[in-house]
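Visitor: I have a model open and would like to talk through a few of its features. Could you take me around?

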Amino acid sequence: MSSLPEAQQEELEVLRSIYEGDSNFKEVEENKFTYKVQFGDDENDIGKAFLLEVLWPEGYPEAVPKISLDAFFNNHLSQDTKDSLLTLLAEQCEENVGEAVTFTLIEWAKENTEDILAANVLVVATESEAPVDKGDSSSAAVAKKKEKKEQLTKGQKRRLVVRFGANADERPRGWDWVDIIRHLSRTGSSQPS
């Protein structure tokens, strides 16, 4: 049996019944939930989605739930966007203190975050595209050369293998999986689709 208070137990049952079959809703623990809030037609567009995490503290629903956007999935969001979302969600919590608010938060986020995330997409796009002065093209070319990693020749690689004693008989199974994956990604599979 659950160790949750009766009010939380009832809300948990309601959430399970409402979001049954919804792949965006996850019950991490009895008192911790995540919901992948999306907008737009493309479900695979990460820039148009974020992961909302709701944690029920002791004393919930009389206490305000803890809301987090710190999941790795949300790394594409700027800190300003996260702060504005958290502020708006906290306002929703304050308006509904004493009530079961998890469903309200998820539905509010689904309905109202399109504008906030649309603004964020522009911020992310402008941050990744650094402006380049036309008069300073030689320094930009030098910077690109510095970013390039040093490539070893086959002979250099072979000498490194011999030096550190990795003979063909001593290699663990799957030691060259990176090369196999790289080769398959370039050539495709041999079987027709």
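Visitor: Where does Asp70 lie?
Guide: In this predicted model, Asp70 sits in the loop between strand S4 (66-68) and helix H2 (79-95), where helices (H or I, at least four residues) and strands (E, at least two) are DSSP runs numbered from the N terminus.

Visitor: Buried or exposed?
Guide: Asp70 counts as exposed because its relative accessibility is 64%; buried means under 20% relative accessible area, exposed over 50%, and partly exposed in between, with a 1.4 Å probe and protein chains only.

Visitor: How far is Asp70 from Glu53?
Guide: The two are 17 residues apart in sequence and 8.3 Å apart in space, C-alpha to C-alpha.

Visitor: And which residue does Glu53 meet in a salt bridge?
Guide: Glu53 meets Lys32, at 3.7 Å from N to O, a salt bridge being a side-chain nitrogen of Lys or Arg within 4 Å of a carboxyl oxygen of Asp or Glu. This pair links distant parts of the chain, with Lys32 in strand S2 and Glu53 in strand S3 (residues 49-55), 21 residues apart. Lys32 is partly exposed at 22% relative accessibility, and Glu53 is partly exposed with a relative accessible area of 22%.

Visitor: How many salt bridges does a search of the whole structure find?
Guide: The search finds 3. One of them joins Arg16 and Glu27, whose closest N and O atoms are 2.8 Å apart. Arg16 lies in helix H1 (residues 6-18) and Glu27 in strand S1, so this pair ties together parts that are 11 residues apart in sequence. Another is formed by Glu107 and Lys110, with closest N and O atoms 3.1 Å apart; both lie in helix H3 (residues 102-112), about one turn of the helix apart. Glu107 is buried, at 19% relative accessible area, whereas Lys110 counts as partly exposed at 32%.

Visitor: Changing topic, in which sense do S1 and S2 pair?
Guide: Strand S1 (residues 25-29) and strand S2 (residues 32-38) pair in the antiparallel sense over 4 bridges, pairing here requiring at least two DSSP bridges between the strands. A hairpin of 2 residues joins S1 to S2, and Lys26 has Thr34 in S2 as its bridge partner.

Technical notes:
Residues numbered from 1 in each chain as written. Predicted model: local features only at pLDDT ≥ 70, side-chain atom pairs only at ≥ 80, totals over all residues. Heavy atoms only, no water.
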